[in-house]
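Dear colleague,

Please find the structure below, handed over for your records. My notes on it follow.

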Amino acid sequence: MALDIRTVTTAEFPDWLRAKHTGFLRPQTSTEEEAERRLPYTDLSRTQGAFDGGRCVATFRSFAQELTVVGGAAVPADAVSNVTVSPTHRRRGLLNRMMATDLAAAKERGEVVATLIAAEYPIYGRYGFGPATWTTEWEIDVPRAGLDPRWSGPSEQDGGRIDLVSGADVRKLGPVLHERLRARQHGVIDRDARWWAVNTGEVQPGPGAPGSEAWAEPFYAVYSNAAGEVDGLTVYRADGSWGDSKQPLNRATVVSQIAVTPAAERALWHFVCSIDWITTVRSGHRAPDDLLPLLLPDPRAARIVTQADWLWVRLLDVVRALEARTYAVPGTLTLDVHDATGLTAGRYRLEGTPAGASCTPTTAGADLALDVRELGTLYLGDESPFRLAALGRIEELTPGAVATAEGMFRAGRRAWCPDVF
Ligand SMILES: CC(=O)SCCNC(=O)CCNC(=O)[C@H](O)C(C)(C)COP(=O)(O)OP(=O)(O)OC[C@H]1O[C@@H](n2cnc3c(N)ncnc32)[C@H](O)[C@@H]1OP(=O)(O)O
């Protein structure tokens, strides 16, 4: 019997949730209550299910997102999530079909890129997505780090201070701080009020959902600068490990940390690494060029425990995408973009400058040929055109064009997406 793929109705939503839990290897229970709780923030017109004899066997959902690009502008993105196919129906092309439907609809809506966080690396390149940001997690051996154990606040010279605050405080000050981060850090995605409610324990995600374990209130610490403005927020939890000889061996795990100035970044890391009893700090998922290791007198006390691709980007509108970002140095390039789906295939002339860019379709000869997947990888400045050319993934048609792309596309600080979705 042919498998029917369609957008899901309210009545089918509990079965869709059950199928999603199945695909993610969670207990395959879902309740009317869970469905009711999720419906207000689920756009059913963007929620696909595959049905076999009335039973949901595959899930796919997308939602509207904003992605900050190099230079600080945000582009409308089609955020893809909750992709599952039940083990009974895998490798029959269900993901192919759901992805094609979603990307075509996103392009029709005028979304500039599609984004996702890939469960496994090999899945999404075939659909034109490329890894565009990377993430690094460090573990700090605090006694070895060499920080002065006598103080944990910002220096007198800095003039700022650190205060512990409540979840309710974070729901007020967090969104303002995050908007400031969004305007300056490429790779950041928007957060809605629900994000802050869930991540401060005001709303429980419910059984079966990520983070559905019993809520444990974390510690929230904010850094305010000398003028009293909040420039940073760190959220951390600590465990209760003690050694046999009555020594504290506690580990602090940073759940999330955002800072909009280097002073805030410095002060918050120093604070977390100077809390009495804490001998190990897990940094959480940071940008690969986070200042953390170099803020320690002995950077070798920071051991990398995770280094992986994070946000994947798929361009849907090359002109608007390339015009939305800025370029490190002025340059002109004609790109021959290959796209098996036809969504973006074509030749584009890009004139980029540090202040902005123009991009127009052209029939002129190209300087570089590349797949849209590679353009997604280059888009946020977090990959080197030299490396992609060396790998044979960019073809240089005009001598020197790879060097021009290297100069234009790279950004000072690395891209960072602090969130998962
Ligand atoms: C953004 C997110 O939500 S990430 C979460 C992704 N979900 C998961 O990882 C949950 C567990 N896995 C699954 O549910 C499924 O295996 C899926 C969704 C990854 C793939 O669904 P399927 O319907 O089996 O994929 P489909 O049959 O359309 O395969 C399309 C192509 O991708 C390939 N492919 C699919 N999954 C994988 C994989 N995990 N690794 C490598 N290749 C894969 C298939 O081999 C096929 O290749 P081909 O066209 O060259 O033959």
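A residue counts as buried if 20 or more other C-beta atoms, placed from the backbone, lie within 10 Å of its own. By that rule, 42% of the 421 residues of the chain are buried. Please note that this is a predicted model, in which local features need pLDDT of at least 70 and side-chain atom pairs count only at pLDDT 80 or more, while totals for chains, interfaces and linings use all residues. Residues are numbered from 1 along each chain as its sequence is written.

The chain has twelve helices and 19 strands, taken as DSSP runs (helices H or I, at least four residues; strands E, at least two) and numbered from the N terminus. Its C-alpha trace spans about 65 × 60 × 40 Å along the principal axes.

The largest nonpolar core has 75 residues; such a core is a set of buried Ala, Val, Leu, Ile, Met, Phe, Trp, Tyr and Cys residues joined through C-beta atoms within 7 Å. Val113, Val313, Leu315, Ala321 and Leu368 have the most contacts inside it. Apart from it lies another core of 32 residues, including Val142 and Ala301.

Yours sincerely

Conventions: A residue is buried if 20 or more other C-beta atoms lie within 10 Å of its own, exposed if 12 or fewer, and partly exposed in between; C-beta atoms are placed from the backbone.
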